[in-house]
Amino acid sequence: MEEVDVEPAVTNIPAASSGTHLGFAWGPGDILVYETLYKCHSFITSRLEFPGTGSGDIHEVRKDEDIYSPILRKLFNESHHIFVGLQTIREDLPSKNKKPQFVSISKNYRSVIRACMEELQQVLQKWQCNMETRYVSILLAIELIWNLCEVLFIDAAPAGSLLLHLLDWVRLHKADVDEKAREVLQSESPAEHRDYWDVVGAAYVLQGRLEEARQMLVKQATLQPAARKMYKQMDTLLSKMPFYNPGGTQTLTEFDVKWRHWHEEVDRCLQDNSFASNKHLELICKILVGDEDTLLEHKDLLSTWYHFLVTRLLFCHPTVKPTELHYYAQSCLTMFLDSRSVPEPLDSILLAAFEFDIHQVIKDCSIALNNWWFVAHLTDLLDHCKLLQSHNLHFGSNLREFLLLEYASGLFTHHSLWQLAVDYFDHCPEFGRVYLELQIERVPLDTERKALKVLRICEQRQMSEQVRSICKIMAMRALRNNRLGSALSWSIRAKDAAFATLISERFLQDYCARGTFSDLDLIDNLGPAMLLSDRLTFLGKYREFHKLYGEKRFREASKLLLSLMTAKIAPRSFWMTLLTDALPLLEQKEVSHHIVRYAVYGLLLSNIKKTSKYSYLRSCNQRIFGFFSGKNNIKDVLII
Amino acid sequence: MESINAKYVSQKISKSRWRPVSHSSLQQADIFATGSWDNEDNKISFWSIGSHGSSGVEDGFEGDPQLLCEHKHDGDVLDLQFLDQDRIVTASSTGAVTIFRHHQNSQTISVSQQWARAHRYPSDNAPCTGVVCSSPEIVTVGEDGRIIVFRADQEGVIRVIDNADSSTIHAVTYLRTTEILTVNSIGQLKLWDLRQQSNSPSQILSLSGDRVPLHCVDRHPNQQHIVATGGQDGMLCVWDVRQGSTPFSLMEAHSAEMWEVHFHPTNPDHLFTCSEDGSLLHWETSSQSDIPSFLQGGRNSSMTSRSAMAPAGGNQSLINAWLSGDSSKGRLETTHMLPSQTLSVNSLDVLGQCLVCGTDGEAIFVNRQVPV
């Protein structure tokens with residue numbers, strides 16, 4: 001077996017006392033665990049412990065609780081919609097046309113995650129329950145990772161615009177800046193607010209939002225007319241910082257030159273001590289020049305190492321290339337974290353992303369998260385962008401298919417979300433169909449409507465075996481409840497001749513027992529369904545015979561009876577009934593005797609042939625002859 | 001037509017119905033009820049759109065339905081109808097028929113009355129599949145092939161027609177105040193006269209040919225003899241119950257089961273159907289003749305319309321637009337109303353210019369500007 005990546009998590013089963021011997025059985029999405037009667041051998045004391053109580057409880061251990069959250073359900077449904085849309089993008093478009101589509105799909109996924117997160121936050125605020133708090137932080141992390149993957153992998157921005165995208169990324173995930181700024185601006189005298197310099201200095205400048213920083217500085221400048229010259233100088237510096245314009249005519253090299261000029265100018269201001277008298281402006285100047293120590297002093301304002309990374313790149317290396325990112329990322333991470341603190345799973349995932357190691361990102365996310373939703377959808381999108389090398393896993397499918405299958409199998413265990421899983425299986429070319437065939441048979445069918453939906457799914461995919469088995473289940477159930485019409489309609493759907501025969505037998509038995517037909521509305525209106533099985537045809541025709549007889553159309557009735565007898569579709573058990581029915585016809589004048597005579601003779605003969613005992617044959621022959629010569633009654637003949 | 005937005009509600013919607021607006025007031029429809037299915041805990045919910053209720057346009061999208069209140073429901077909600085302004089009747093998969101009352105002031109719901117095992121087998125529950133009401137009378141049908149008549153506020157059952165059908169009855173509708181029409185899973189329409197004491201239908205109509213199960217039925221609002229049905233093969237059939245026992249026109253509508261068909265209540269030239277294949281179609285006949293709204297329906301190039309026979313000696317002015325005949329005088333147009341690739345649309349309801357529908361993708365769509 002392969003070595004494990006992480007130690008398996010231990011789950012305690014509270015109801016089972018410790019040291020008991022447990023048995024288990026795997027289910028599709030869970031494990032059933034029970035206490036056995038066996039004694040548990042203790043390795044510590046190496047003697048047998050007390051035997052288990054053998055309580056009759058069965059515990060269900062489920063790994064994935066997320067699919068039962070009502071708010072997360074919206075995530076699953078909406079992303080299913082996006083997923084199906086993604087699969088239908090035409091393959092033959094040239095890749096440069098497809099990239100904007102993929103980026104917009106990625107943004108769609110992210111907006112769904114955000115909507116879910118906002119709703120969760122609203123619910124938490126309103127009801128103040130703790131249950132779903134962890135979902136908020138998980139969704140935040142997921143969106144952060146997805147956004148970074150979009151920037152680095154899907155959009156694949158080159159040097160120059162790469163930094164701009166990263167800036168957007170950081171700004172999006174540090175929303176408290178705007179809140180603080182609003183607070184400061186709404187106060188009586190913003191410039192004297194205690195958070196003022198934090199907002200200007202740290203928040204805005206660190207995020208490269210220099211326009212807003214300048215606007216805030218103006219407020220301070222008006223309060224200190226004496227230092228106007230200094231503020232003017234700072235304002236000039238801030239306004240002259242060059243930002244790369246991807247759509248413009250300026251090349252990267254030209255931008256680089258311009259930026260270096262500016263950087264030197266800022267450095268000169270620092271060396272000249274132009275801002276020495278005002279420590280706040282001096283601080284801003286140091287940030288502008290990209291001084292690492294200054295940045296690290298304000299860890300609380302940066303709050304994350306990736307913010308530190310982006311700020312550092314903004315003020316030191318704005319023309320960073322994608323391939324160089326991981327050097328800076330690694331060093332920033334090390335610098336930011338104290339020697340004591342350990343990097344969290346999120347940090348290593350982001351680091352792997354900066355290193356462009358997609359597989360590592362997916363692997364780490366799979367381990368860290370409870371639910372396959374994120375990795376399945378992200379991998380699928382990346383696969384569409386042709387970013388995953390298609391190395392096959394040991395069991396034949398590729399990574400994308402494996403993750404989708406895992407996710408969809410998890411969905412199938414949900415009483416309601418199984419319908420979504422069907423579409424996911426459809427888009428797994430290698431194993432999807434097999435998985436679907438196995439899973440769809442296990443969907444419980446409480447009502448006819450649900451059975452119809454499941455049937456439609458199977459029929460659309462030509463799963464004829466599943467269709468037959470579902471129809472058979474429903475037909476048996478209907479038969480047990482004496483709903484013969486329903487049973488017939490199910491067997492028609494499955495084109496199940498054997499079952500139709502069974503139903504017809506039931507009808508005929510009913511008739512023999514009671515003397516009349518039940519459910520005439522069904523038998524009278526069989527239509528072409530009659531042809532499904534011989535027995536059914538016989539039933540329909542026999543009923544027609546009764547109708548004709550009731551309407552006193554004896555000639556047609558006798559013709560029909562004759563054809564029934566000779567067509568050999570009558571069941572053995574019914575021959576006696578047919579013959580009994582022939583009796584009253586013989587008394588009708590319109591019926592030509594010899595037709596019926598031949599029919600009776602033929603029927604009896606074919607019956608006798610099977611026994612083929614000579615003496616028996618002779619006695620029968622005599623009796624028949626006696627009948628036809630008028631001596632015997634047909635009842636005598638019938639004592640065969 | 002404005003784009004139609006989805007509201008995801010974390011439950012698969014099996015039925016959605018507008019609350020009736022009184023004819024005197026010119027109010028637009030503003031409240032609708034939904035029922036869920038296939039959940040461990042099913043619910044009925046009341047929703048509001050537009051300016052009703054306290055929530056403003058915070059969401060940015062004005063028409064977003066807001067949840068007013070909800071209540072637990074035992075079993076899948078297989079059918080739902082408004083009895084009057086405050087009460088709804090639901091048909092459950094446990095065989096129960098329940099009346100819920102919506103208290104508008106406190107925005108709560110309470111169970112007003114329940115008949116717990118109205119539909120049943122000898123040893124099991126039988127789902128109740130359809131309910132129709134004309135206050136205070138309620139008629140329900142179920143998988144057990146029974147038709148039951150109740151009266152709101154009366155404990156017991158007024159009348160039971162046992163074994164009305166040997167197969168499942170899928171839907172029921174009123175034809176006249178004393179006559180009802182049922183459709184079943186062997187493709188038959190049965191007319192029942194409730195004044196008669198006999199337990200057999202007064203008329204049976206069916207398609208010649210395959211006995212395709214019928215799932216939904218609706219009567220033309222003005223012409224009581226015109227009835228539309230939809231079935232398992234997605235065919236829309238329009239029948240004239242006075243004449244003959246076969247439908248007048250058949251139209252290929254959907255590629256899978258048609259779950260609901262509705263004539264527009266005030267503008268019956270418009271018909272709406274929804275289906276398992278995820279589409280919701282808006283059918284519109286238009287005529288150039290001056291005979292108001294009664295005209296031969298025609299053919300659209302994308303729809304094939306097969307008519308069984310021309311109306312035999314019927315009064316020309318009463319021939320309905322939906323019964324096809326001379327195709328040169330009319331047109332039949334169909335439009336899809338939903339973005340493609342939704343899961344099954346289980347239910348729809350239309351009132352005035354507002355349309356609401358619910359899907360298996362756990363989404364509700366509301367369109368407030370249906371062109372009628």
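Visitor: What should I know about the numbering and the model?
Guide: Residues are numbered from 1 along each chain as its sequence is written, and chains are lettered from A and ligands numbered from 1 in the order in which they are written. The model is predicted, so to speak, by these rules: local features need pLDDT of at least 70, side-chain atom pairs count only at pLDDT 80 or more, totals for chains, interfaces and linings use all residues, and side-chain values use heavy atoms, with hydrogens and water left out.

Visitor: How is the size of the interface between chain B and chain A given?
Guide: An interface is often sized by the accessible area lost when the parts come together. Buried area here is that loss on putting two parts together, with a 1.4 Å probe, summed over both. Between chain B and chain A it is about 3,800 Å², and carbon and sulfur atoms give 45% of that. In chain B, B:Tyr8, B:Ser166 and B:Gln341 lose the most area to chain A, together 18% of what that side buries.

Visitor: Is A:Asn481 buried or exposed?
Guide: Buried means under 20% relative accessible area, exposed over 50%, and partly exposed in between (1.4 Å probe, protein chains only). A:Asn481 has a relative accessible area of 11%, so A:Asn481 is buried. Leaving out residues up to four places away in sequence, A:Asn481 touches B:Tyr121 and B:Ser123. Its place is the loop between helix H22 (464-480) and helix H23 (484-493) of chain A; helices (H or I, at least four residues) and strands (E, at least two) are DSSP runs, numbered from the N terminus.

Visitor: Which residues have the most contacts inside the largest nonpolar core?
Guide: In soluble globular proteins, nonpolar side chains tend to be buried together. A nonpolar core is a set of buried Ala, Val, Leu, Ile, Met, Phe, Trp, Tyr and Cys residues joined through side-chain atoms within 4.5 Å. The largest has 204 residues, and A:Trp169, A:Trp305, A:Phe354, A:Phe374 and B:Leu280 have the most contacts inside it. Helix H3 (residues 133-154) of chain A gives the largest share, 13 residues. Beyond four places in sequence, A:Phe354 is in contact with residues including A:Leu148, A:Trp169 and A:Trp305.

Methods: Contact means heavy atoms within 4.5 Å.
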